[in-house]
Amino acid sequence: MIRDDGWARHCIWEHSRTVHELYRRRCRREAEEMTAHAQAAELLLDRVVVGDTLLDAGCGSGYFYHSLVARNVPAQYWGFDAAPSLVEIGRAEMPAFGLPAERLQTMRLEDVDGEFDHVVCINVLSNIDNYHRPLERLLRMARKTVILRESLTDGASYSYVRDDYLDEGVELNVHVNHYDRAEITEFIRRYEFTPQFIEDRRSGGRPELVIGYPHHWAFVLAERI
Ligand SMILES: C[S@@+](CC[C@H](N)C(=O)[O-])C[C@H]1O[C@@H](n2cnc3c(N)ncnc32)[C@H](O)[C@@H]1O
């Protein structure tokens, strides 16, 4: 028997009630704003002009929209995520705050295309198998800026680990990758952007445990030459 539901069945983000509840509370503004989202919105503040479009790649349920609105960043927000259940949460909750449901799409990095002034991708690429193809897509889609927040180190390392924080009985693995700063710099330059590393405010440059594994968070602000 062949099936086509393998991606969702094996996706950790489809199998955590805790994450679903947290993302719903973030959409409802009942949970604290993520420091990373605050920092990304501040980076955008001086760079977004009225009418600019912004794509949030791997948006979860689209609550980064709140961080933009709270700071009067005048971007037209679009978000997509591969996990249908997370997008459904955003589509149900975000219209009450002014974001039309169709601005949130279920889509994978592998499938997305389009043109946006700004693209952000926060806490996504470190947890997928590699960054080259998806980051190339994001850089090609962005007219002005790409902002990433990922686990970056001097020297890359890749691991595929059990996520022990999922719903009972679910046994799934996820990538926890740390990408090489020099390599990602060189890669971004090839697409005619100037990358700049910015210290992550939340972790202050120190490793942070996520699902029990250290992540070395840093921001990359890439501006088109
Ligand atoms: C750690 S969450 C981060 C969510 C959100 N960016 C945030 O900052 O809260 C990682 C997200 O990446 C999404 N994701 C994983 N692989 C993806 C892919 N291939 N295409 C699009 N989204 C993906 C997951 O569904 C999940 O919502």
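Mentor: What follows is a talk about a helix pair, the core and a few loop residues.

Trainee: What should I keep in mind about the model and its numbering?
Mentor: This is a predicted model, in which local features need pLDDT of at least 70 and side-chain atom pairs count only at pLDDT 80 or more, while totals for chains, interfaces and linings use all residues. Residues are numbered from 1 along each chain as its sequence is written.

Trainee: How do the axes of α2 and α5 cross?
Mentor: The axes of helix α2 (residues 17-27) and helix α5 (residues 84-93) come within 10 Å and cross at roughly 25°. Axes here are lines fitted to C-alpha atoms, for helices over the stretch in contact, with angles from 0 to 180 degrees between N-to-C directions. Helices (H or I, at least four residues) and strands (E, at least two) are DSSP runs, numbered from the N terminus.

Trainee: Roughly parallel or roughly antiparallel, then?
Mentor: The two helices, α2 and α5, are therefore roughly parallel to each other, a label for angles under 35 degrees, with over 145 counting as roughly antiparallel, 65 to 115 as roughly perpendicular and the rest as oblique.

Trainee: Which residues of α2 and α5 meet?
Mentor: From α2, His20, Tyr23, Arg24 and Cys27 meet Ser85, Leu86, Ile89, Gly90 and Glu93 of α5, where contact asks for C-beta atoms, placed from the backbone, within 7 Å. By class, this contact of α2 with α5 has four nonpolar, three polar and two charged residues; Ala, Val, Leu, Ile, Met, Phe, Trp, Tyr, Cys and Pro count as nonpolar, Asp, Glu, Lys and Arg as charged, and the others, Gly among them, as polar.

Trainee: Changing topic, how many residues are in the largest nonpolar core?
Mentor: The largest nonpolar core has 54 residues, and those with the most contacts inside it are Leu54, Ala57, Val119, Val120, Cys121 and Val146. Such a core is a set of buried Ala, Val, Leu, Ile, Met, Phe, Trp, Tyr and Cys residues joined through C-beta atoms within 7 Å. Buried means 20 or more other C-beta atoms within 10 Å of a residue's own, exposed means 12 or fewer, and partly exposed lies in between, with C-beta atoms placed from the backbone.

Trainee: What does Cys121 touch?
Mentor: Not counting residues up to four places away in sequence, Cys121 touches Ala57, Gly58, Leu138 and Leu148.

Trainee: And which residues are buried in α3?
Mentor: In helix α3 (residues 35-45), His37, Gln39, Ala40, Ala41 and Leu44 are buried, and what covers them includes α4, β4 (116-122), β5 (142-153) and β12 (217-224).

Trainee: Where is Asn72, and what is its phi?
Mentor: Asn72 is in the loop between α4 (64-70) and β2 (76-81), and has a positive phi of about 55° although it is not a glycine. Asn72 counts as exposed, with 9 C-beta neighbours inside 10 Å.

Trainee: What about Glu192?
Mentor: Glu192 has a positive phi of about 65° although it is not a glycine, and its place is in the loop between α7 (181-189) and β9 (193-199). With 10 other C-beta atoms within 10 Å, Glu192 is exposed.

Trainee: Last one: what is Ala156 in contact with?
Mentor: Leaving aside its neighbours within four places in sequence, Ala156 is in contact with His178, Tyr179, Asp180 and Glu183. Ala156 lies in the loop between β5 and β6 (160-162), and its C-alpha atom is separated by 8.7 Å from that of Glu183, 27 residues apart along the chain.

Notes:
Contact = placed C-beta atoms within 7 Å.
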